[in-house]
Amino acid sequence: MSAESYDASRVRGLFPALADGYAYLDGAAGTQLPESVIEAIANAYRSGLSNTDGAFPASLRANRIVAECRQAVADLVGGEPEGVVLGPNMTTLTYRLAFAMAKRWKPGDEIVVSRLDHDANIRPWIQAAALAGATVRWAEVDPATGQLPSEQYQDLVGDRTKLVAFTAASNVLGTRPDVAAITATVHKAGALAYVDGVHATPHGTVDVRAWGADFYTTSSYKWCGPHVGAVIADPALLEGLHPDKLVPAADEVPDRFQTGTPPLADYAGVTAAVEHLASLSPAVGHDRRHRLVLAMRAVEAYESKLFSVLLGGLEEMEHVTVYGKAERRAPTAYFTVDGYDPWEVAKDLAERKINVWSGDNYAWEVTGALGIRDNGCAVRAGLVHYNDHTDVDRLLEAVATLRR
Ligand SMILES: Cc1ncc(COP(=O)(O)O)c(C=O)c1O
């Protein structure tokens, strides 16, 4: 399916929230839900839902919801359901994985983090490394382009490296590093790669095996699902990790990593969100993974075309500064407007029913590297597959009038 044949108006009609007249350019911070996902969550409750592992039907339904959710997430990223750890969000899961891994680290071991990342894929590693006495090394972002050069990992990664954490897409600059090139360097040194896929997953096809991601994270609320996060890993790798857990709680993988009673109805929503993404493919009669691959290719083509209009429009305005010029990028623009604090821009746009974010968006290190942290950072406007040219036109027209 080409960008031209992608039926954006049909897709928009699936989302009740979009009827409120706002241009939802805030998808990078969380997306709206299609009716099918809302229904799936409501139906999980309607049909009677109990905790898992009981003897009666409402509990068996709960078990089935968990299994279906793991399978759906595995299909979305090309992983195995036995390696899907579910949790409240990526941040919580990354803390859990980091502290489980740190039990195996010792002084002299090295961890590599990247300046491009959301803080959720930096701070847990730094804090876990501190506990183990391990050393932290930094991969730097090029502030002029917003790229994360892959070659630097040749020098950063060596015999002592245990783990390399980096993002598959920046949540502010949109930069998409060369994941496979970096993981190849990581694996040559015998280390593990922890890839933050929270911003990358909604914008294209993910293949954790082809990418060499030993651990891959995603959050369903960024791709039209509820607030549920996941880490996808090779089950054999998970077997070797032992997070703190309650004595009676399951010790099997991947349950070993999940704490407490899960939000089961939301898990049903995650499965429905994956089905929603798969439904964006025109292919019928194929398995879901295949449909997802095609659908996410179509989403990427559609979003890229729309984004080039958004980016080109902003870059043409003399009173606007756009950050990041990466060759490969997710459809996310980060910009400032001369004479305006970024928060003021967001407020002004909100009055015109345009939703954008301002500030660091937890991309703490990269906003420091860009030298904009002391000035309120920048404004973020991002596209997802339910945005269309009217959203982009409204943003460009509004920003064009912001002059002081
Ligand atoms: C790139 C990226 N990584 C990590 C996170 C944290 O995800 P969560 O909210 O699921 O903890 C976000 C959230 O915005 C993000 O954009």
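Predicted model: local features only at pLDDT ≥ 70, side-chain atom pairs only at ≥ 80, totals over all residues.

**A buried strand and a ligand site**

Strand S3, helix H5 (residues 123–132) and strand S4 together form a right-handed β-α-β unit.

Let us begin with strand S3, residues 110–114. Of its 5 residues, 5 are buried, so the strand is largely enclosed by the rest of the structure. Glu 110, Val 112 and Ser 114 point one way from S3, while Ile 111 and Val 113 point the other way, and all are buried.

Which strands pair with S3? One is S4, residues 135–139, which runs parallel to S3 and is joined to it by 5 bridges. Within that pairing, Val 113 has Trp 138 of S4 as its bridge partner. Strand S5, residues 161–167, also pairs with S3 in the parallel sense, over 3 bridges. Here Val 112 stands opposite Val 164.

I turn now to the ligand. The residues surrounding the ligand include Asn 89, Met 90, Thr 91, His 118, Asp 196 and Lys 222. By class, the shell has 4 nonpolar, 6 polar and 2 charged residues.

A polar side-chain atom of Thr 91 lies 2.5 Å from an oxygen atom of the ligand. For Met 90, a backbone N or O atom is 2.8 Å from a ligand oxygen atom. A nitrogen atom of the ligand has a polar side-chain atom of Asp 196 at 2.6 Å. Taken alone, the ligand exposes 390 Å², and the protein buries 90% of that.

Note on methods: Residues numbered from 1 in each chain as written. Heavy atoms only, no water. Buried < 20%, exposed > 50% of the residue type's maximum accessible area, 1.4 Å probe, protein only. Helix = DSSP H or I, 4+ residues; strand = E, 2+ residues; numbered from the N terminus. Pairing = 2+ DSSP bridges. Right-handed = clockwise from strand over helix to strand, strands pointing away. Near = heavy atom within 4 Å. Polar contact = N/O pair within 3.5 Å; in protein donor to acceptor, adjacent residues only side chain to side chain. Areas by Shrake-Rupley, 256 points an atom, 1.4 Å probe, with all protein chains shown as cover. Nonpolar A, V, L, I, M, F, W, Y, C, P; charged D, E, K, R; others polar.
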